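Student: I am new to this structure and would be grateful for a close look at a single part of it, followed by an account of what surrounds that part.

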Amino acid sequence: MTDKDWERYSRQILFQGIGETGQQRLLDARAVVVGCGALGSFQAGALARAGVGRLRIIDRDYVEFSNLQRQWLFDESDAEQGLPKSIAAANKLRAINSSIRIEPVVADLTPGNVGDLLAESSLILDGADNFETRYLINDYAVSNDLPWIYGAAVASYGISMPVVPGKTACLRCLYPDPPSAAQPTCETAGVLGSLTALIASLQVSEAIRILCGAEPSRKITTLDVWTGEIRQISQPGPQALCPACGLREFPYLKGEKRAPVSLCGRNAVQIHERARPLDLQELAIRLTPLGPVRANEFALRFETPPYLLTVFADGRAIVKGTTDIGVARSLYSRYIGA
Ligand SMILES: [Zn+2]
């Protein structure tokens with residue numbers, strides 16, 4: 001640890017639970033934040049400040065004005081430019097702490113890339129907004145014996161839980177399958193910025209604890225910031241009949257449960273079935289006669305009212321203005337190509 005590190009992290013080194021040994025462990029660790037929305041952007045900021053040595057930020061989406069109310073790392077210029085969230089986050093994080101390594105990844109976490117994107121990580125933080133991704137993280141983490149911290153927030157209600165394989169219950173011990181009925185989302189029920197900060201803060205505290213070598217808290221915390229109610233229950237241990245940590249079945253990792261196209265909230269469909277590198281500059285030239293186009297090295301936006309297509313360099317696209325998968329697919333083939 002350098003003298004500068006000492007000074008920067010002095011207040012948490014003084015804290016008994018961390019000390020110099022704990023700080024060195026944080027500096028040696030690599031944390032991965034999956035999903036850089038309200039939870040993830042808070043997590044990333046807090047972990048960068050705490051001095052986690054390598055920080056990978058994975059997100060599939062771009063910054064919008066409706067994010068700014070609760071997504072702490074982003075500002076108006078990020079939304080105006082429509083920057084991918086992981087890129088905008090990396091810009092801010094490097095200004096917060098230039099001595100650590102920030103690795104932004106513009107991608108949707110899928111069974112096809114999870115092995116590459118989560119490899120060599122010490123711990124995973126859940127900043128995702130959907131169960132498909134959380135069950136994928138759980139399968140990967142349990143099968144690779146990695147800790148991860150589950151967190152979710154909608155309206156004024158949220159939950160946080162650490163998962164440490166072999167020590168605590170995993171997500172599938174408690175919920176063997178994702179909810180089958182439609183769940184309230186931030187797009188339908190709204191969400192409070194104070195809630196997401198609180199849930200993310202609990203997740204980060206747990207992450208730092210585990211990264212420093214301490215035992216997980218073994219607590220499931222649920223809270224409602226509007227009524228002021230906070231509840232904690234003891235987290236059970238691993239369940240023998242759990243399909244993941246007990247029976248070692250990992251269907252999410254194999255992609256058996258994955259739809260080729262998914263709704264991603266807010267009146268939009270994500271097309272992620274055609275992964276291949278795209279030349280965005282070339283595509284911009286092709287689309288310019290057809291409507292307003294804006295492109296940078298990470299993403300291209302093309303307006304064809306009432307739709308807005310955002311195309312990423314990996315061939316993925318988010319079609320805004322519809323929840324109809326057929327419409328989204330046909331716009332994709334018409335403008336981007338099959
Ligand atoms: Zn389990």
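Which residue in strand 5 does Leu-125 stand opposite?

Tutor: Leu-125 stands opposite Ile-149 of strand 5. The model is a predicted one, in which local features require pLDDT of at least 70 and side-chain atom pairs count only at pLDDT 80 or more, while totals for chains, interfaces and linings use all residues. Residues are numbered from 1 along each chain as its sequence is written, and side-chain values rest on heavy atoms, with hydrogens and water left out.

Helices (H or I, at least four residues) and strands (E, at least two) are DSSP runs, numbered from the N terminus. Two strands pair if DSSP finds at least two bridges between them. Strand 4 and strand 5 (residues 148–154) meet this condition in the parallel sense, over 2 bridges. From strand 4 the chain crosses through helix 8 (residues 131–143) to strand 5, and this β-α-β crossover is right-handed. The term means that, with the strands pointing away from the viewer, the path from the first strand over the helix to the second runs clockwise.

Strand 4 also runs parallel to strand 1, to which 4 bridges join it. Here Val-32 has Ile-124 of strand 4 as its bridge partner. The side chains of strand 4 point in two directions: Leu-123 and Leu-125 one way, Ile-124 and Asp-126 the other, and all are buried. Buried means under 20% relative accessible area, exposed means over 50%, and partly exposed lies in between (1.4 Å probe, protein chains only).

Glu-120 lies in the loop between helix 7 (114–117) and strand 4; although Glu-120 is not a glycine, it has a positive phi of about 55°. Glu-120 counts as exposed because its relative accessible area is 63%. Ala-155 is found in the loop between strand 5 and strand 6 (157–163), and Ala-155, also not a glycine, has a positive phi of about 55°. At a relative accessible area of 28%, Ala-155 is partly exposed.

The surrounding interior can now be described. In soluble globular proteins, nonpolar side chains tend to be buried together. A nonpolar core is a set of buried Ala, Val, Leu, Ile, Met, Phe, Trp, Tyr and Cys residues joined through side-chain atoms within 4.5 Å. The largest one has 37 residues, of which Leu-47, Val-52, Leu-55, Ile-57, Leu-93 and Ile-208 touch the most other members. Among the elements that each supply at least two residues of this core are strand 1 (30–34), strand 2 (54–59), strand 4 (123–126) and helix 6 (85–96). Helix 11 gives the largest share, 5 residues. A second, separate core of 33 residues includes Tyr-140, Val-142, Cys-242 and Tyr-252.

Cys-36 counts as buried because its relative accessibility is 0%. The structure holds 0 disulfides, a disulfide being a pair of cysteine sulfur atoms within 2.5 Å.

Charged residues complete the picture. The structure holds 14 salt bridges, each a side-chain nitrogen of Lys or Arg within 4 Å of a carboxyl oxygen of Asp or Glu. The side chains of Asp-75 and Lys-92 form one of them, at 3.4 Å from N to O. This pair links distant parts of the chain, 17 residues apart: Asp-75 is in the loop between strand 2 and helix 5 (76–81), and Lys-92 is in helix 6. Asp-75 is partly exposed, with a relative accessible area of 31%.

Glu-103 counts as buried at 12% relative accessibility, whereas Arg-101, at 48%, is partly exposed. Asp-177 and Arg-172 also meet through their side chains in a salt bridge, at 3.7 Å, N to O. Asp-177 is partly exposed, with a relative accessible area of 45%, whereas Arg-172 is buried, at 4%. Through salt bridges that share partners, Arg-30, Arg-56, Arg-101 and Glu-103 are joined into one network.
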